[in-house]
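Hi,

Here is the model I promised to pass on.

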Amino acid sequence: MADGTALDRALGLVREVPDFPEPGVLFRDLSPVLADAAGFRAVTDAFAAALPSGAGAVDTVVAIEARGFLFGAALATAAGLGLVAVRKPGKLPAVADRVTYDLEYGSATLELPADTLAPGSRVVIVDDVLATGGTVEAAAGLVERAGATTAVVAVVVELTALGGRSRLPGGADFVSLLSV
């Protein structure tokens with residue numbers, strides 16, 4: 001597990017980019033965290049330490065395109081879990097389900113790959129940032145319709161002013177490493 005100092009250092013690498021992707025938005029860029037081996041490891045270790053064990057353990061990481069893939073894959077490897085990549089349209093050769101949802105800047109669609117998420121699975125949904133919660137809510141809907149359960153939602157950064165927590169699946173634990 002990452003100690004507080006290593007995790008604090010890693011989270012200090014998050015870069016603020018004003019007026020991206022549109023004027024008035026303060027974008028949180030995690031590229032410097034990913035580029036720093038110790039920082040990336042500290043985030044991965046913190047996520048792994050937050051996962052439940054025993055009867056409530058998770059068996060699959062559901063990672064959201066695109067930056068969620070990076071953190072999700074690292075977590076899956078560190079925790080010895082399977083990985084399911086929830087993708088944007090047109091990226092999968094076989095689709096089990098899809099959902100279209102609203103987000104801060106319009107709408108988006110996510111697709112669940114066929115034959116990847118077993119009914120009864122307990123998953124951790126991983127993404128980089130929780131903003132309004134629409135993306136996580138959409139991914140959790142795909143998980144539920146596949147017959148699985150979202151046990152944990154894990155994000156690196158939560159933008160608290162946007163109220164995304166209100167859209168998280170009921171009963172799921174929530175892990176945010178940095179709330180701003």
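Contact below means heavy atoms within 4.5 Å. This is a predicted model, where local features need pLDDT of at least 70, side-chain atom pairs count only at pLDDT 80 or more, and totals for chains, interfaces and linings use all residues. Residues are numbered from 1 along each chain as its sequence is written, and side-chain values use heavy atoms, with hydrogens and water left out.

Start with Val156. Leaving aside residues up to four places away in sequence, Val156 touches Leu11, Leu30, Val43, Phe47, Phe71, Asp127, Asp128, Ser176, Leu177 and Leu178.

Val156 is also among the residues with the most contacts inside the largest nonpolar core, which has 29 residues. Such a core is a set of buried Ala, Val, Leu, Ile, Met, Phe, Trp, Tyr and Cys residues joined through side-chain atoms within 4.5 Å; buried is under 20% relative accessible area with a 1.4 Å probe, protein chains only. H1, H3, H4, E7, E8 and E9 each give two or more residues to this core (helices, H or I, of at least four residues and strands, E, of at least two are DSSP runs, numbered from the N terminus). The biggest contributor is E8, with five. Another core, of 23 residues, lies apart from it and includes Val62 and Leu168.

What's buried in H3? Gly39, Ala42, Val43, Thr44, Asp45, Ala46 and Phe47. Their cover includes H1 (4-11), H2 (31-35), H4, E7 (122-130), E8 (149-158) and E9 (173-179).

Cheers

Methods. Buried means under 20% relative accessible area, exposed over 50%, partly exposed in between (1.4 Å probe, protein chains only).
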